[in-house]
Amino acid sequence: MLSHIRMKMLLMVIPVLCAVIMLSYSASVRTAKRIIDHETSDRISAEKEIQKNIIEKNMNDAAEISRVLAVFAEHGYKDHPPDYYIHILEPVVRNNPFILGAGFWFEPYVYNQSQKYMGPYVYRDGDRIIPTFDYSSSDYDYFSQDYYTLAKKTDKTVWTDMYYDQTSNLYMITCSQPVTDENGTYIGCVTVDVGLSSMQKFVSDYIASFGGTTYIINREGTYLAAENEAVVKAKGSVYDSENQSFLAAVTEIISNENGSTSYYHNKQKISLYYKNLNDLGWKIVFEIPENSINRPLRQLSDTFIWIFGLSLLFMSLTVFILTDRIIDRPVSAILSEIKSIGERRFDQEVSSELVTRSDEFGLIGKSLEEMKQQIKQNSEKLEQSLSENVDSQKQLIRQNQVLTERETQMYHSLKYANSLMEAIPDTVFVISKEGVFLDCIGDTDHLFFKKDEFIGKNIKDVMPRRIAAKGRELISQVFLTGENQKIEYEWKSGKATEYHELRIVKWFDDKVIAIARNITETHNYIREIEEISYHDQVTGLHNRRYFDKKAKELNQEGNYPMSVIFSDLNGLKMVNDSFGHEYGDFMLKRFAEILADSEKEGELISRVGGDEFAIILKKTEKAETEQYIRELKEKCAGETINGIELSVSFGYCIITDSGLSVQNAVKLAEDEMYQNKLYEAYSRRSKTLEIILNTLHEKNPREEQHSQRVADLCETMARQMGMSDSDIKKIKAAGLLHDIGKIGIQEALLNKPGILTEDEYQEIRKHSEIGYRILNTSPNMSEIAEIVLCHHERWDGKGYPKGRSKTDIPLFARIISIADAYDAMTSDRSYRRAMPVSYARNELIRGAGKQFDPELVDFFVNHVIRLN
């Protein structure tokens, strides 16, 4: 009977306990699952935002630098030698660690009509910055490269996909910026190579939530970064997989910006979390096995099984102990006593004893009734104890949930901090929703405050008021919109001024991550490049780009009447060809100085072309404008460069209202300037040629005597051939000027006493082309210029500079070549004495049909030498 009572009590208590524990387990599993999913999603979002900020920052900086370089190339490609581009590119690569290389790439023959390839490039090799022109050759066809073809197709900044460079063993992406000329025609592009090895390291080192993997793909599904670098180097694709479940998940990823999906591999479910990484359509994908996500749930299940078993054991022991003390012992004592009495007196005093014991049975009944009440009370205590035990189990479960959650959060925080420290070289702040600094990691060596001076304090109590107000505003925007925010600000520390960028990313529901970067060098360099792009490098004046921009701003009612003056430096090309570009640059600089000294209030002066200058004068009438031009001419008249007067032609136009644009006014002023130039041209060029000849003869007096003798020989031969007086004058003039190009040859080389080396000889050979360029600047000298160009051509086509032959060589040039050779042989030279006439005569005959026209040689030896 007692065992029966005990079993009933167990059957009543155990099911209640099981039900309570199972309900608690189900609620805990659902809560834990929800916490894990939330933590996984938040962590992936935080990791993705961190990497996105790094990539976007570097890409934005590279794009801005490429745009500035493109402007420089657009306005400077006609004015600067190839080495100057290296001078511009070196600081770009040196001052921006994320840039692996940068270069200028021009269309065929645009930079130089004789040079097909033009690709100066500067790249980073460890700690060295190396310039190269190796790409300026046919061995490297940059016209077919992605960065060049993409730039040529569009008029905006474009990016290649991330790729693995086999030469440098680095991952990179190239920013390409098209370059156009003043007419909008594509002339090439600028490239900036951005290193993305940090992204590959991030992917390789990072193990996504509990043993997963991470990779980055482009919009076509090609792997850009993955733990398996081999698939990146081979440009593998997610579509290469044969797993149909995975391919279906990939299709969903490519079609959407962000979200989650799953697929099955070897009957195991794999969860995929993905988000867009940038505007190029790159996606970062986190693969996490479902059993890894559910590992905490299994741990929770194991914990509940132990708790369940222990609870059952505890309750069973409790029931056994309570029934033994409350029921078994009292009832067993009474029954034992009744049995003992019955055995002793049953036969003798049954009746008497029964009467006597009736009262006792009454007492026993009363005791049994009391015992019943005691059992009831004990049952109530047992029920209360069971209830308290269930509450205790619930509390234990809740505490376990809190501990699990805190452990997971701590793991995420530590892992996040480690990933952040490895990936970001900048300073990272953790800030609360209220603007309080919670933590600071990363580069803390360059902070303006010690860490303990701002941790735990509000932004407004630490930062300058303007920056703090903007920071609080951006933090509010992050929580309001969920979108990243960015601010660039100026920070003054003592006498130094620094520029910083702060990117703010939401982290969980009550904190943000603020990534701070010192962009002072980049900021200053971009300003320097912009300054260069607005100034002419030779004169220091503003250039055409600045003039066009500023002229539009000046063309308004308050500045009328406004004078637009256009000027052109006369004879600059002739000076460059005759005396070298350093003299031409000196002429430009001197005129720029004269303009600067004459500067009026509100004046705009710019060099808008090779030898062209534009000036704008606000509130200036016609008479005042003409006086201004007269004063400039007077100042120029007193300046000479190697004896050549600084001559400038001017034209102007007055803008009286907005009906006439500055662009049209410049065109009218330019037309007037060219008309004035025609009137002044002839006498000026003649005077310039005379100065050039005098300078040449001063450098080498023998040249004057040689030119005069050649001219006399040509005149004699022309008369003997019966030419007209005009042709006689023309060939004599050509004879006098045939070596004018030697003005561009070094004096030491012209007067060298020994035999010339091959390189020196090649330098001397340039004089015929130089003479052609000098003479060709004057329209009435074009025919003589052609004669001078060809006077070293040979009858057999082996001469220079064009390799012409026979009658393709002008007649006068064939005559001068004979007279020139004859006089050279019969005159003293710095390296030998004059040869006999007979020797020279025989040499001319020997060269007939090879070097010289045979008929002209025959006429020269029979009719000219004999006369002389």
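These are my notebook entries on what I looked up in this predicted model.

**Ground rules.** I number residues from 1 along each chain as its sequence is written, and I work with heavy atoms for side-chain values, leaving out hydrogens and water. As the model is predicted, local features need pLDDT of at least 70 and side-chain atom pairs count only at pLDDT 80 or more, while totals for chains, interfaces and linings use all residues.

**Whole chain.** I listed 26 helices and 24 strands in the protein chain, taking helices (H or I, at least four residues) and strands (E, at least two) as DSSP runs numbered from the N terminus. Of the 868 residues, 47% are buried, where buried means under 20% relative accessible area, exposed over 50%, and partly exposed in between (1.4 Å probe, protein chains only). I noted an accessible surface of about 44,800 Å², with 50% of it belonging to carbon and sulfur atoms; these areas come from the Shrake-Rupley method with a 1.4 Å probe, and for residues only the protein chains shown count as cover. Among contacts (heavy atoms within 4.5 Å) with a separation of 6 or more, residues 24 or more positions apart account for 59%.

**Cysteines.** I searched the whole structure for disulfides (a pair of cysteine sulfur atoms within 2.5 Å) and found zero. Cys440 counts as buried because its relative accessibility is 2%, and Cys653 counts as buried because its value is 11%.

**Helix H12.** The 14 residues should span 20 Å, and the end C-alpha atoms are 20 Å apart, so the two agree. Its buried residues are Thr520, Thr522, Tyr525, Ile526, Ile529, Ile532 and Ser533.

**Glu603.** I found Glu603 in the loop between helix H15 (581-597) and strand E20 (604-607), and it counts as buried because its relative accessibility is 12%. Its side chain makes a polar contact with the side chain of Tyr628 at 2.3 Å; a polar contact is a pair of N or O atoms within 3.5 Å, and within protein one must be able to donate a hydrogen and the other to accept it, while residues adjacent in sequence count only if both atoms are side-chain atoms. Leaving aside neighbours within four places in sequence, I also listed contacts of Glu603 that include Leu595, Ser598, Ile615, Ile616 and Leu617.

**Backbone.** I recorded a cis peptide bond from Tyr560 to Pro561, with omega near -5°, and placed Pro561 in the loop between helix H13 (544-554) and strand E19 (562-569). The peptide bond from Tyr800 to Pro801 is cis, with omega near 10°, and Pro801 lies in the loop between helix H23 (782-790) and helix H24 (811-826). Tyr109, though not a glycine, has a positive phi of about 65°, and it counts as partly exposed because its relative accessibility is 43%. Lys619, also a residue other than glycine, has a positive phi near 50°, and it is exposed, with a relative accessible area of 57%.

**Helix H25.** I noted Ala840, Leu844 and Gly847 as the buried residues of H25, residues 837-847. Seen down the axis, they fall within an arc of 70°, so they line one face of the helix; the arc is that of the directions from the helix axis to the C-beta atoms. Their cover includes H24 and helix H26 (854-863), and just after H25, Gly849 takes a positive phi of about 85°.

Definitions and conventions. Expected span 1.5 Å × (residues − 1).
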